Every structure is written in structure tokens, then in C-alpha cells.
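Open the model in your viewer and keep the selection panel at hand. This tour goes stop by stop, from one whole chain to the place where two chains meet.

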Number of protein chains: 2
Amino acid sequence: MPDQNQIGKSEIVEWFKDLQDSICVSLEGLDESGRFHEDKWNRDGGGGGRTRVIKGQHIEKGGVNFSEVYGEMPEIMAKKLDIPSGQFLASGVSIVLHPKNPWVPIIHMNVRYFEVNDSVWWFGGGIDVTPHYIIDSDARFFHNYLKQVCDQLSENAYAEYKKWADDYFFIPHRNETRGIGGIFFDRLGDRISKDKKEVWNFVKEVGLAFVPIYSHLFENNFTRQYTQTNEKWQRVRRGRYVEFNLVNDRGTKFGLETNGRTESILMSLPPEAHWEYNYEVIKNSLEYRTQNKLRKDVNWLTYKEA
Amino acid sequence: MPDQNQIGKSEIVEWFKDLQDSICVSLEGLDESGRFHEDKWNRDGGGGGRTRVIKGQHIEKGGVNFSEVYGEMPEIMAKKLDIPSGQFLASGVSIVLHPKNPWVPIIHMNVRYFEVNDSVWWFGGGIDVTPHYIIDSDARFFHNYLKQVCDQLSENAYAEYKKWADDYFFIPHRNETRGIGGIFFDRLGDRISKDKKEVWNFVKEVGLAFVPIYSHLFENNFTRQYTQTNEKWQRVRRGRYVEFNLVNDRGTKFGLETNGRTESILMSLPPEAHWEYNYEVIKNSLEYRTQNKLRKDVNWLTYKEA
């Protein structure tokens with residue numbers, strides 16, 4: 001079968017590489033003094049990646065990964081993806097940033113492409129934000145930005161992918177969401193039938209949304225004063241981030257179980273995390289108010305705390 | 001079917017409660033100033049537990065849990081245990097201690113009993129130690145103590161349960177063991193046919209071994225001076241402890257997936273953990289030497305670094 005709509009894999013892979021490059025440049029600009037360190041790695045069986053990490057003055061721990069792996073699909077991967085084995089290609093960009101200032105949120109973005117035997121193909125990805133302290137106006141900005149991006153794909157896309165994020169970024173054993181969600185989508189083109197050109201344009205828009213979104217959230221908050229209480233709460237929330245990523249995140253699990261590069265996968269973990277037995281927030285405190293907003297089905301587009 | 005060998009469930013449960021009591025008293029003695037705080041909890045469907053936690057001067061974060069849950073077995077539990085549903089009882093004591101001093105190891109102990117319909121029954125449990133720094137003489141003491149305990153059950157018990165611990169407390173994505181292992185056993189009486197009285201006596205000996213073992217490891221090391229390097233390495237090792245418990249530990253997974261009490265299950269997590277991308281130890285440093293000993297199949301009974 002010829003490649004649908006003439007979008008070749010090399011075009012996609014090159015675009016992902018460029019995206020990694022431009023995001024790294026922008027983030028170095030935001031951080032001012034931090035610089036990305038790059039590790040190039042190869043995968044036995046085909047392909048590899050460029051893992052870039054930053055330990056900056058404002059971005060305490062961040063990673064911007066590009067990878068392009070291909071070859072004969074390992075049996076375990078075919079089984080987990082529930083597809084026949086064959087020659088595969090998986091490529092994408094994946095980002096997690098842990099800011100130093102507790103008023104700046106943790107952010108995660110991922111765009112990815114997968115194909116088998118030049119016939120089955122799909123895109124996946126998303127952006128979501130985990131504020132240590134939810135700031136309503138920032139939450140509204142973030143979700144309205146995503147809605148704009150999604151509206152270019154279809155009228156229902158934002159509602160669907162926002163719900164998908166709510167369901168995905170949920171921690172059942174804590175009965176709370178990881179943060180304020182965002183958008184999440186997977187297997188667009190495969191399980192969810194899509195025109196390749198349209199979905200590729202959408203995925204590019206998602207990738208391009210990362211810098212303006214993060215710049216806004218970062219610049220609004222990175223100079224705010226914070227206390228030891230704020231820092232402790234940040235470490236508690238980072239602990240929950242660890243719990244989600246190691247217990248619930250199917251992407252992390254998939255990576256570890258299919259023998260992905262551990263350091264690139266676990267780059268998402270925070271620099272420091274704190275666990276306290278039965279940690280309880282003080283009623284009506286800022287921490288309490290954030291905790292109570294970690295729910296599914298909040299309409300963040302117009303959200304304002306009562 | 002009458003209870004085999006006249007060991008009733010109430011005898012077992014009462015003994016576990018007493019074990020929790022006596023261990024808490026001993027640990028308060030070691031810590032000197034810390035005192036256990038108790039949370040009693042009830043389980044919807046039957047039973048409950050006594051979660052006891054300590055935030056001491058030497059035990060930075062510790063928990064000693066007793067639980068006794070019973071009732072109609074949830075479908076998900078029957079499925080996970082691969083047994084027919086019915087009236088079940090699960091009871092046990094579970095301990096994790098995170099010491100303040102990096103020279104003192106993290107320790108974990110668990111003894112547990114399970115039965116269904118008064119007919120199927122088994123015991124499980126084990127003790128294992130996760131030193132931030134492996135001290136050969138302490139490792140020898142620990143494994144020789146366990147061998148003595150196991151020898152009372154059978155000639156091969158130590159070798160078998162030591163291997164079981166090596167295999168269980170292994171982190172595949174790091175290709176390292178969690179610590180120096182110890183012993184681990186499960187379903188003794190069910191999948192592994194055993195005389196109930198003999199295995200119960202063994203399980204009691206394991207429970208009773210905890211205090212003398214930990215006292216020795218604690219008293220040998222708790223006054224040792226330590227540096228910021230030691231503390232940082234402790235937080236790195238604690239990070240690996242988190243990874244094992246959340247990614248690999250079947251007990252934690254079982255607890256979370258069968259709707260166990262989250263705070264009691266995750267009591268095992270350390271107070272603070274640290275993740276750094278591609279953390280590398282300095283060649284031939286103490287950290288390097290510990291890292292290189294985190295292997296399966298080490299004969300700790302006579303171990304001495306070359």
C-alpha cells in the first residue's frame with residue numbers, strides 16, 4: 001500500500017528532530033544559564049535517540065527526548081500493542097520539566113508516530129500540566145490554548161482529548177488526577193480512523209504549542225517568592241508524580257517492559273520527592289484548595305474557584 | 001475439613017498482633033525518643049488493621065503494620081491469586097524502616113497467613129535488607145542468622161528462600177538487586193506442600209528474628225559519622241527502593257489493585273528520594289563498591305570483598 005497522502009516517514013522523523021532542536025533553544029532561553037547536555041544512544045536491532053537533559057537555574061530537572069527506533073518488532077511489543085509483528089518504526093519527542101519554583105507547574109508533552117510494514121500507522125501524543133499550586137487563570141489559559149489547537153482538527157477534538165487526558169492522568173489509589181490534565185490521544189489513524197495529512201498537521205500544532213504554553217506559565221510565575229512550606233508541598237506533589245509514572249503510566253510501563261533505555265524513560269522522575277505517612281493538608285490552605293481541584297471533568301476553560 | 005494440626009486462625013492472628021506489639025516496643029527502645037502513632041482502620045467487607053508509624057530521631061520513617069482482613073473474597077483477588085472464590089482470611093505483619101543514618105540499612109520484614117473456606121491455607125513472608133552501603137561483616141551476620149532460622153525448617157530452606165529473595169528483590173530495568181536480599185517464601189502449605197505446624201513454627205521464628213537482626217545492624221552503625229555525599233547516595237538508593245516497590249513489587253501491586261488501604265501499603269516509601277539523570281558513581285568509591293555488589297547469587301554467608 002502506498003503511503004497515504006504522500007507523508008513519508010522521513011518527513012515526520014526530521015520534523016520531530018527539528019522540534020526537539022527548537023524547543024531546546026527556547027528552554028535554554030527561558031532558563032538563561034542552563035544548557036542541555038545530549039546523550040546519543042543506539043538501540044540493538046535498529047535506531048536510537050538523542051536524550052537531552054538540563055539542570056538549570058529555573059528548570060531544576062528537565063529532559064527533551066527524541067527517538068527513532070525501527071527494525072523487526074519484538075514479540076513483546078507486538079503483543080502489548082495487539083498488532084501482528086513486522087517491520088516497525090516508532091519515533092517521537094517527549095518532554096518533562098520539573099521547575100525549581102513551586103509556583104511554576106510541571107509540564108509534560110509528547111508527540112509520536114508509529115508504523116508497521118508501511119501500512120498500519122498512527123499518531124499519538126498530548127500535553128498536560130501538573131501545577132503544585134493550581135492558578136485558575138493559568139489553567140484557563142492552558143486549556144483555551146489547547147482548545148484552539150484542537151479546533152483546527154475538528155469540533156469535538158478538544159472535548160474528546162481533554163476527557164482522554166482526565167481518564168489517563170488519573171491515580172486510582174489516590175483518587176485524584178495527576179494535575180489539571182490537558183489533552184491526550186493515541187492511535188489516531190489506526191483505531192481511530194483519520195486522514196493522515198490532517199492528523200499530522202494536528203500533531204505538528206500540538207508540538208508547536210509547547211513553547212508558547214510553557215513560556216506563558218513559566219514567565220507568569222518563575223520570579224514569585226516561595227516558602228519552605230511551598231517547597232515541601234512541591235516535594236509531596238512530586239511524590240505523587242512518581243507514583244503515577246511508576247504505577248499507572250502505560251507509556252513508562254511499556255518502555256520498561258520492552259527494554260527501552262531506562263535513563264531516557266525515567267528522565268521524567270523529579271529531582272527530589274517526599275513521602276510522609278498520611279500527609280494531610282491544612283483545611284482551606286492553598287495546598288488544600290489545590291488538592292480539592294485534582295478532579296476529572298472540571299471545565300478548565302472557564303474555571304474560577306467559587 | 002478440620003483445621004490441620006489444630007492450629008486455629010485465631011491463634012495465628014493473635015500471635016501476629018503480639019509480634020507487632022513487641023517489635024514496636026523494641027524499636028522505640030532503639031530509637032530512644034520516637035514513639036509509634038497508631039491508626040486503626042476497618043475494611044469494607046470485613047476486618048481491618050492497626051497501622052503504626054514512627055518518625056523518630058534515628059528511624060527517620062518507619063511503619064509496622066498488622067492487618068486481619070476477611071469476608072467474601074473479591075473477584076479480582078481470586079483471579080490474581082488463581083484460586084476459587086470463597087470466604088477468606090488474610091492476616092500478617094509487615095515492616096519497613098528507613099533509618100536516618102546512611103550507614104544503617106533499610107530493612108523489610110513480612111509474615112503472613114492466608115486461608116480460604118477453612119481448607120486452602122498458606123504462609124508467606126521474608127526478611128530482606130537494603131544497605132545504602134554494604135558492610136561485608138553485617139551482610140555475613142544477617143545471612144548467617146537467617147540460615148540458622150531456616151535450618152530449623154529443613155536443610156535446603158535457606159538456599160531455596162535465599163534464591164527466592166534474590167529473584168524477587170530484583171529490579172530488571174536497573175539490572176541490579178534491591179539490596180543484599182535475605183529470604184522470601186510464599187504459599188508454603190498450598191503450592192509448596194508443608195506440615196502446618198512446622199511451617200507455622202518457622203514463620204514465628206522469622207518474625208522473632210527481626211528484632212535481634214535489626215538491633216545488631218542498627219547498633220553497629222547508628223552513631224557513625226556521615227557526610228553530604230553519604231546522604232545524597234542514600235537518597236539515590238531510596239529512589240531505587242521506590243522504583244522497585246512501585247514497578248516491581250508484586251505485593252504492592254496486589255495491594256493497590258485489590259483496593260487495599262493506600263497509606264498502609266505506601267508506608268514503605270522513603271521520606272525523601274532523589275533522581276538524577278544517568279547518575280554515575282566514582283570508580284572505586286564506596287558507592288561504586290556497593291553498586292557492584294547488588295547482584296544475585298552472592299554467597300553472603302562467607303562474603304568478603306576481594
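**Before you start**

This is a predicted model: local features need pLDDT of at least 70, side-chain atom pairs count only at pLDDT 80 or more, and totals for chains, interfaces and linings use all residues. Residues are numbered from 1 along each chain as its sequence is written, while chains are lettered from A and ligands numbered from 1 in the order in which they are written.

**Stop 1: chain A as a whole**

Select chain A. You will find nine helices and ten strands. Both are DSSP runs numbered from the N terminus: helices are H or I with at least four residues, strands are E with at least two. The radius of gyration of chain A, taken over C-alpha atoms, is 19 Å. The globule rule (2.2 Å times the number of residues to the power 0.38) also gives 19 Å for 306 residues, so chain A is as compact as a globular protein of that length. Its C-alpha trace spans about 60 × 40 × 35 Å along the principal axes.

Of the 306 residues of chain A, 47% count as buried. Buried means that 20 or more other C-beta atoms, placed from the backbone, lie within 10 Å of the residue's own.

**Stop 2: the sheet in chain A**

Now select the strands β1, β2, β3, β4, β5, β6 and β9 of chain A. They form an open sheet of seven strands in that order, with antiparallel pairing. Strands pair if DSSP finds at least two bridges between them. Which are the edge strands? They are β1 (37-42) and β9 (182-188) of chain A, each pairing on one side only.

Zoom in on residues 87-99 and 106-116 of chain A. These are β4(A) and β5(A), paired in the antiparallel sense over ten bridges. Leu89(A) has Glu115(A) in β5(A) as its bridge partner.

**Stop 3: strand β6 in chain B**

Move to chain B and select residues 120-130. Nine of the eleven residues of this strand, β6(B), are buried, so β6(B) is largely enclosed by the rest of the structure.

β5(B) pairs with β6(B) in the antiparallel sense over eleven bridges. Look for Asn110(B), which stands opposite Gly126(B). Three residues lie between the strands of this hairpin, where Asn117(B) takes a positive phi near 50°.

β6(B) also pairs with β9(B), antiparallel, over five bridges. There, Phe123(B) has Leu188(B) as its bridge partner.

**Stop 4: where the chains meet**

Show both chains. Here 24 residues of chain B are in contact with 24 residues of chain A. Contact means C-beta atoms, placed from the backbone, within 7 Å. On the side of chain B that touches chain A, α6(B) gives the most, with four residues.

Select residues 272-274 in both chains. Three bridges join β10(A) to β10(B), and the two run antiparallel. His274(A) has Glu272(B) as its bridge partner.

**Last stop: the two copies**

A rotation of 180° with 0.0 Å of shift along its axis superposes chain B on chain A, with an RMSD of 0.0 Å. That is the relation of a two-fold axis. The superposition is by least squares on the C-alpha atoms of residues with pLDDT of at least 70 in both copies. 100% of the interface residues of chain B are also interface residues in chain A, so the copies meet through the same surface.

Notes:
Two residues are in contact if their C-beta atoms, placed from the backbone, lie within 7 Å. A residue is buried if 20 or more other C-beta atoms lie within 10 Å of its own, exposed if 12 or fewer, and partly exposed in between; C-beta atoms are placed from the backbone.
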